[in-house]
Amino acid sequence: MDISYQGKENFKIKAKNGTISASADSLTISHKSGGADFVITEPGEYEVEGISVFGYKSDDSNVYVVQFEDIRVVYLGNLAKPLTEKTITDLENIDVVITPVDTMAVKEVVEMVSKLEPYYVLPFGESIPKFISAYEHGSRIVKSLSLSKLSLPDDLTEVIVFESFDNAQDK
């Protein structure tokens, strides 16, 4: 699976059997076998060619868990308030968290991500340096993140910053 940053709050998750484009408003699944894209804009459970998506309502936002290739990625979109304890419990076993860091206080984001206990955190927004400082975990800069269930770290959570964010900070 490869995850890449596409600008603003948009990410692309590419796997063997399809590609997911995540934005603040929707998830779009493009599958390898062709046909029309499948667009998800509401909470619920969806499955398209082996790609499972679980959508949850969180205040005014939708939160999506994408599951395929034995990896679970949660995309928090434009989440403005921390997830409730019930939602965090429902999300269980998250490997990767894609989270905004500008829509709520950095401290709230850090606390929420810590409760999810992911292997990787992919923050987006202007407050990435503040988030990295407050989260106190290792970070690295990448063009895209390639991962498999076997490549997940043993016990530490790592913050992944995409090059485009890093370059924007230098300007």
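1. Contacts of T28. In this predicted model, T28 sits in strand β4, which covers residues 27-31. Set aside the neighbours within four places in sequence. T28 is then in contact with T19, I20, S21, D37, F38 and V39. Is T28 buried or exposed? Its relative accessibility is 17%, so T28 counts as buried. The cut-off for buried is under 20%.

2. The chain as a whole. The secondary structure comes to 4 helices and 14 strands. Of the 171 residues, 47% count as buried. T28 is one of the buried residues.

3. Overall dimensions. Along the principal axes, the C-alpha atoms fill a box of roughly 45 × 35 × 35 Å. What radius of gyration would a compact globule of 171 residues have? The value would be near 16 Å. The chain has 15 Å, which agrees.

4. Contacts along the sequence. Take the contacts in the chain with a separation of 6 or more. Residues 24 or more positions apart account for 42% of these contacts.

5. Two packed helices. Two packed helices are described by the angle between their axes and the distance between the axes. Here the pair is α2 (residues 106-116) and α3 (residues 128-135). Their angle is about 55°, and their axes lie 9 Å apart. That angle makes α2 oblique to α3. The crossing of the two helices is right-handed.

6. Who makes the helix contact? Helix α2 contributes V106, V109, V110, V113 and S114. Helix α3 contributes K130, F131, A134 and Y135. How do the residues of this contact divide into nonpolar, polar and charged? There are 7 nonpolar residues, 1 polar and 1 charged.

7. Phi at K8. Most residues other than glycine have a negative phi. K8 has a positive phi, near 50°, and is not a glycine. Where is K8 placed? K8 is in the loop between β1 (2-7) and β2 (10-15). Its relative accessibility is 67%, so K8 counts as exposed. The cut-off for exposed is over 50%.

8. Phi at E117. E117 also has a positive phi, about 50°, although it is not a glycine. This residue lies in the loop between α2 and β11 (120-124). Is E117 buried or exposed? E117 is exposed, because its relative accessible area is 62% and the cut-off is over 50%.

Notes
Residues are numbered from 1 along each chain as its sequence is written. This is a predicted model: local features need pLDDT of at least 70, side-chain atom pairs count only at pLDDT 80 or more; totals for chains, interfaces and linings use all residues. Side-chain values use heavy atoms; hydrogens and water are left out. Axes are lines fitted to C-alpha atoms, for helices over the stretch in contact, and angles run from 0 to 180 degrees between N-to-C directions. Angles under 35 degrees count as roughly parallel, over 145 as roughly antiparallel, 65 to 115 as roughly perpendicular and the rest as oblique. A crossing is left-handed if the near helix is turned anticlockwise from the far one by less than a right angle, and right-handed if clockwise. Contact means heavy atoms within 4.5 Å. Ala, Val, Leu, Ile, Met, Phe, Trp, Tyr, Cys and Pro count as nonpolar, Asp, Glu, Lys and Arg as charged, and the others, Gly among them, as polar. The radius of gyration is taken over C-alpha atoms; the globule rule is 2.2 Å times the number of residues to the power 0.38. Buried means under 20% relative accessible area, exposed over 50%, partly exposed in between (1.4 Å probe, protein chains only).
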